[in-house]
Amino acid sequence: MAYKVAALLVLCLVLVAAVELPKAAADQFSSCFNTCEQQCKADGQGQTFCEMKCDTDCFDKEVAGKLHIKFP
């Protein structure tokens, strides 16, 4: 019985950790996207161009961070 309780506790801890991590990643992506979009618009580019450019750039940075690689 004790093993079942311990296993349930571990499962709950893993679940909580899994739920909390995406929020931090979303905040980081949002911060990157907002900064990039403001800079892009200040350079005179249009809304659609900036949205697509920043979405791609920030996604690439997010993936590179997760995989511990660097893009040129």
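Reader: Which residues of α2 are buried?

Author: The model is a predicted one. A residue counts as buried under 20% relative accessible area. In α2, the residues that are buried are Cys50, Cys54, Cys58 and Ala64.

Reader: Within what arc do the buried residues of α2 fall, seen down its axis?

Author: An α-helix has 3.6 residues a turn, so residues three or four places apart point the same way. The buried residues of α2 line one face of the helix, because, seen down the axis, they fall within an arc of 120 degrees.

Reader: Which exposed residues does the face of α2 turned away from its buried side carry?

Author: Exposed residues have over 50% relative accessible area. On the face of α2 turned away from the buried side, the residues of this class are Thr48, Met52, Lys66 and Leu67.

Reader: What distance does α2 reach from its first C-alpha to its last?

Author: The helix α2 has 21 residues, and at 1.5 Å a residue the expected span is 30 Å. The model comes close to that expectation, with a reach from first to last C-alpha of 30 Å.

Reader: Which element gives the most to the largest nonpolar core?

Author: The largest nonpolar core has 7 residues, namely Cys32, Phe33, Cys36, Cys40, Cys50, Cys54 and Cys58. Two or more of these residues come from each of α1 (2–42) and α2 (47–67). With 4 residues, the element that gives the most is α1.

Reader: Leaving aside its neighbours within four places in sequence, with which residues is Cys58 in contact?

Author: Cys58 is one of the buried residues of α2 and also one of the residues of the largest nonpolar core. Once neighbours within four places in sequence are left aside, the contacts of Cys58 are Phe29, Cys32 and Phe33.

Reader: How are the rings of Phe29 and Phe33 arranged?

Author: A search of the whole structure finds 1 aromatic pair. The ring centres of Phe29 and Phe33 are 6.2 Å apart and their planes stand at 20 degrees; planes under 30 degrees apart count as stacked, so the arrangement of this pair is stacked.

Reader: What percentage of the residues of the chain count as buried?

Author: The chain has 2 helices and 0 strands. Its accessible surface comes to about 6,100 Å², of which carbon and sulfur atoms hold 67%. Of the 72 residues of the chain, the share that counts as buried is 14%.

Conventions. Residues are numbered from 1 along each chain as its sequence is written. This is a predicted model: local features need pLDDT of at least 70, side-chain atom pairs count only at pLDDT 80 or more; totals for chains, interfaces and linings use all residues. Side-chain values use heavy atoms; hydrogens and water are left out. A nonpolar core is a set of buried Ala, Val, Leu, Ile, Met, Phe, Trp, Tyr and Cys residues joined through side-chain atoms within 4.5 Å. Buried means under 20% relative accessible area, exposed over 50%, partly exposed in between (1.4 Å probe, protein chains only). Contact means heavy atoms within 4.5 Å. The expected span of a helix is 1.5 Å times one less than its number of residues. The arc is that of the directions from the helix axis to the C-beta atoms. Accessible areas come from the Shrake-Rupley method with a 1.4 Å probe; for residues, only the protein chains shown count as cover. Rings of Phe, Tyr and Trp (its six-membered ring) pair if their centres lie within 6.5 Å; planes under 30 degrees apart count as stacked, over 60 as edge-to-face and the rest as tilted.
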